[in-house]
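Open the model in your viewer and follow the stops below. Each one says what to select and what is there.

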Amino acid sequence: MSENEIRMPDTSRLIVSSSPHFHTTDSVSKIMLWVIAALLPVTAVSVWHYGLPALEVIFFCTAGCVAVEVLCARLMRRPIEINDGSALVTGLLLGLNLPPGTPIWICLVGALLAIGLGKMVFGGIGCNPFNPAIVGRVGLLIAFPQTMNTWMTGPDAYTTATPLKMLSDAHLAGQEGATNAMSEMLSQVSYGDWLLLNQHGGSIGEISALALILGGILLIALNIIRWQIPFFYILTVAVFTGLAWLSDSSLYAPPQYHLLSGGLLLGAFFMATDMVTSPVSRTGAIVFAIGCGIITCVIRLWGSYPEGVSFAILIMNALTPLIDRMTAGKPFGAPKKKGLKL
Amino acid sequence: MPEIIYQFYGGVHPPQAKISSQDAIVSAPLLERYVIPLQMHIGAPARLLVQKGNKVLRGQMLADASAFVSAPIHAPTSGLIKEVTTCLGVLGTQLPAVILESDGEDTPAEPLAPIPNWQDSAPADLLRRIGDAGIVGMGGAAFPTVIKLSPPPEKKIDTLIINGVECEPCLTADHRLMLESPDKIIAGMQICARILGVKRILLGIEKNKSDAVDLMRNKTQDTSIQVCALDVRYPQGAEKQLIYTLTKRKVPTGGLPMDIGCVVQNVASVYAIAEAVIDGTPLYQRITTVTGTPLQSPGNWRFRVGTPYAEAIRLAGGVTEDPVKIISGGPMMGVAVYSLDIPITKNTSGILLMSGAEVSQYQSKSCIRCGRCNDTCPMQLMPGILSVQIENESFDLAESWHVMDCMECGCCSYICPAGRPLVQHMRRAKADVTALHQAAKAAKAAKEAREAKEAAKEAKNSPASAPGKK
Amino acid sequence: MQAVVILLSTGVLAGLAIALVVKFFGVQSDPLLEEVAALTPGANCGGCGYAGCAAYADAMVSGEAKPGLCPAMSEDNVKKISALLGVTSEVRVRKVAVICCRGDDDMATRQAFYNGINNCRDAMQVAAGAKTCTYGCLGLGACARACPYGAIEITSKRLAVVHPELCVGCGKCVQTCPKKLIKLVPASAPLHVLCSSPEKGVTKRKACKAACIGCQKCVKAAGEGQIRMNGFLAVINYGDPPSAEIASSCPTGALSASIAGTEQSGPENEVINA
Amino acid sequence: MSSVFSKFSNGLWRENPVLVLMLGMCPTLAVSSSAKNAFGMGVATTFVLAGSNLVISLCRKVIPAQVRIPCYIVIIATFVTIVEQLMQAYAPAELNQMLGIFIPLIVVNCIVLGRAEAFASKNGPFLSLLDGLGMGCGFTLALMALGAVRELIAAGTIFELQIIPNWQGILLLKMPTGAFIVLAFFLAGMNLLKMRKCRKEGRAYEPPEELNCRTCSICKISRQ
């Protein structure tokens, strides 16, 4: 070593680990941050439109989710993993799924349901079978039907009927009444305005279809979500409601009405695409999305609830492991017929 | 001839980091002491022919193949067998080894007779020569070449594929070899083709080595060799993926390339074949890339086997900062080692040093089921789901989800945003599944033996009933 | 009154139906089997050599196996089963597992930091765990997880130790240990050689302060045939074990009277689990 | 005497039919929406349990093994019919209406048949009676605790007494979903308490098989 003063490496502090030794710089927290970034446009529009009530709901849902996650991790003596950002995403999505002006304490109960019951009891990130934000929302919907069905249409205006609720009420009015109510309602709709700013009442995140689509496209472009899920979900809903409309346009609303109303876009781009609770393979994602679409339409057209996106996603979440198994591909070079047995 | 290139499924694009691709190959100087492991190949360790205190010459056979899957080992220089002992292998286990003390003369032994007119000699002679020269697959697996080149007669081989892809980041040894000894490589290819009796020879090179593609195209103009420039994607150089890219044939699960009429050889192996046949030189040296940011002057050297890693690093000028990882092979499939006493063997394609800034440690968070591993797995497995099964030690389940098809290329771990050590899971599962199968087989054999013994005993006890009753 | 008649006639009809079914399809269940099965510990460890407790009970009742093969069964239950079946029980030597390594972090050195899955069997895939002594305990707890009785603990200095009072000698850990360090020995044996490295004494000493360096002092101190040397490793003849005092003759402490190898770990020691 | 008491207390805590043995889930989930309903159901079940245990224990030597189950069921059904008639005669009409179909279903409540098979058929009448009473009381207590919690959160009342004034109420807890959630928390709490106790006494904790943490890696409570 003395000649030329060559410095030899010190081998006492080496690390050994399994190959590969190169890794991407991607991480779970980066993915979650991008999801949040994609949700920012719709958040901004809603806060601009509704003002403080929307901001309050979003803030307390998000803060509540993070707090509940910390609390649960403490109680369960697990490492606290809030810096991966998944609780933030859940909180933001939960907030966007609630009506503006929801009381703060209900927001906090929602956070408890979402993170506590929807995520942590199953073992935290990656182990939950159901989308936590939807668990929170559906829990609140069942627990406080009154509060959850009072909507703001503007900073000070309130209504108890979203477009889908009106549709469902019109259905309940019977054949004769439906036709009248429908045509009256549809005549008022201007889809162009609706696309930009929904002034008919609804959840915070249903405010602007355009903002949702922008965010969704960002996520697809970054390969964070699989394009198959929103694409086939929306396509299924369009085809299904389109067929219904074609069969009896006096009884069923046109497909564009269904696409733009309710939480379909929010659900298709941000909720159904939750990685943990959707199938891992691309074929599986298509099956999942079509399933979501069909259930959504069935509930909307013939169910007692006006909106079915949350329930559809929850039901398909439950089927995800099964879809995974069924759509598990054959390995490279495997004989054609021999598939994975169920 | 038009080139048709197919795209295999999955794969990743790790940073290339081939910083030593412009450094010409240098022959490493003679050392005083070589540590030669007796197992540089897949299969049984070679059977030692010399004893402590014996004088040997360069190229003399130190150990002979001991089984069907085995390869002989030759002395890298002349000198004295100092000791018969063990040495640390890259996998952290002790291997049988001999220590050779050089006499500084580097006297060559009587070489194997060169076969300059190989075009006319019998394939069997050429094959025997390749076996005697101890040539193994030098891409990394170190499977004895002679077995690969002698497929059973029922397997019709129609395509010889030469692997010049070198898809591992950082490594440049094959690239330099193609640039510096194209003629030998071409001769080696033709020898292989003659042995196998095939007409179609395909040489696959990734497009990031355009100089090598151009050179090889020039040199092979009036031969039957077809040079194919391939897209840069890891693991382009994996045997099954390369065959698919060039021929669209899929190696069946659990099968070998020869099942679909292909034989794949690495360019370094082909070069070694040419040297063994034309010059009569057995395989006792190889070209190894010594690279990594902590090194003073990375490069490509021709090392004799048995050179400790410490010597290689010394030749590269030592380090400017202490490495955090030392890897035998490339960054995607190489093995992290913790000692510099490990010797270079026939399959050490590179020695890579990584600094603290480059090393990201596994944290093994929960799988968030993002499915990126699915999208990148070239074998089309579901590594994320498998790893969860393996974490719960459900090996039978993992087996039914085809864990045994994993080739440990590392794409899944590379891409995993949760930093899960997926390859390690697979490796463990493969080891345990194999062990379970072996145990079951052994138990069955033992049971059968016991039953046979009992049957024999019974037959003995009642000799009257035994004969003639069948 | 009508209620009584209907109830009675339903009862008669149902009774007849049961009688017919029992007559034609009835299978005599073996109450003996149930009784014997109830006396097995139910841990299904496989220490008896059968697939599980039920299989062993079956084998005992059918006369294929004798009572007393189960390592976890109490003496009492063995007697009860023997009485039930009217057979003599197998003479049983209580065995316990012993981990033949004392190389915790104080004693043995590690060559590199292992970064990966917290399990010995997984660590074996990466540079064999990167311990200087390639034969030593990795302390990542594969055996502790495999033990159905919770008898193995990983000390805070990363060494597996057996709690002999909990160990029943089923042998699950023996199969699990990737370094093949665990042996089943008679529980009564007073001394054990807690080293498994076949390396030369000098090499071993460099890697671990608690290695058996092959000095043969114990062989001299022990009686005839009680300890022999196998290469550089002392081997105790468990058929005729030396007395516990011999342990003091060992310069490194590899020959130890305590089955746990080190002092009994305190409660503050972390138990690595799953 | 202590052993006699232990036979009774067994069902209250150590082998509580709902929280430990996890039997009789159907009435547990259906009837625990309020404390009052829970109490009514509990008393009815206790009566059936104690009575059937006593009678089965008295007849245990007479009944052949092959037909024991029909015999038990007949005995149990008799007691259930008695209870049903009694309740129709004397219980408040609204309670009777609420419990309605669940009273006949006590016949197939697995606690009753389970105790008959596991205890009364092997023990004397006095102990069996005690066991029946203990199990019945345990069932009643568990049900009432569940009912009280659900009623409190859903309506702010316990036994229809206003506890939290101006409570808006969470409808979720009144629904079967709420029953599942509250029961889960009860089971978790039960496990935690036992774990603490075991640790204090320095024993190894053996959770019931359904709740064994050994194979589950969700929380780290059992390994602290």
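Start with B:R372 and A:D26: they form a salt bridge, with the closest N and O atoms 2.6 Å apart. The term means a side-chain nitrogen of Lys or Arg within 4 Å of a carboxyl oxygen of Asp or Glu.

A note on the ground rules. This is a predicted model, in which local features need pLDDT of at least 70, side-chain atom pairs count only at pLDDT 80 or more, and totals for chains, interfaces and linings use all residues. Residues are numbered from 1 along each chain as its sequence is written, chains are lettered from A and ligands numbered from 1 in the order in which they are written, and side-chain values use heavy atoms, without hydrogens and water.

Now show the whole interface of chain B and chain A. The rule finds five salt bridges across it. Chain B puts 69 residues into the contact and chain A 47 (heavy atoms within 4.5 Å). About 5,200 Å² is buried between the two chains, 60% of it from carbon and sulfur atoms (accessible area, 1.4 Å probe, lost on being put together, summed over both parts). In chain B, select B:I368, B:R369 and B:R372: they lose the most area to chain A, together 14% of what that side buries.

Move to chain C. Its domain assignment gives domain 1 (30-92) and domain 2 (95-272); such bounds come from an automatic or database assignment. Six residues from each of these domains of chain C make the contact. Their centres, taken over C-alpha atoms, are 32 Å apart. How many salt bridges cross the interface of domain 1 and domain 2 of chain C? The rule finds zero.
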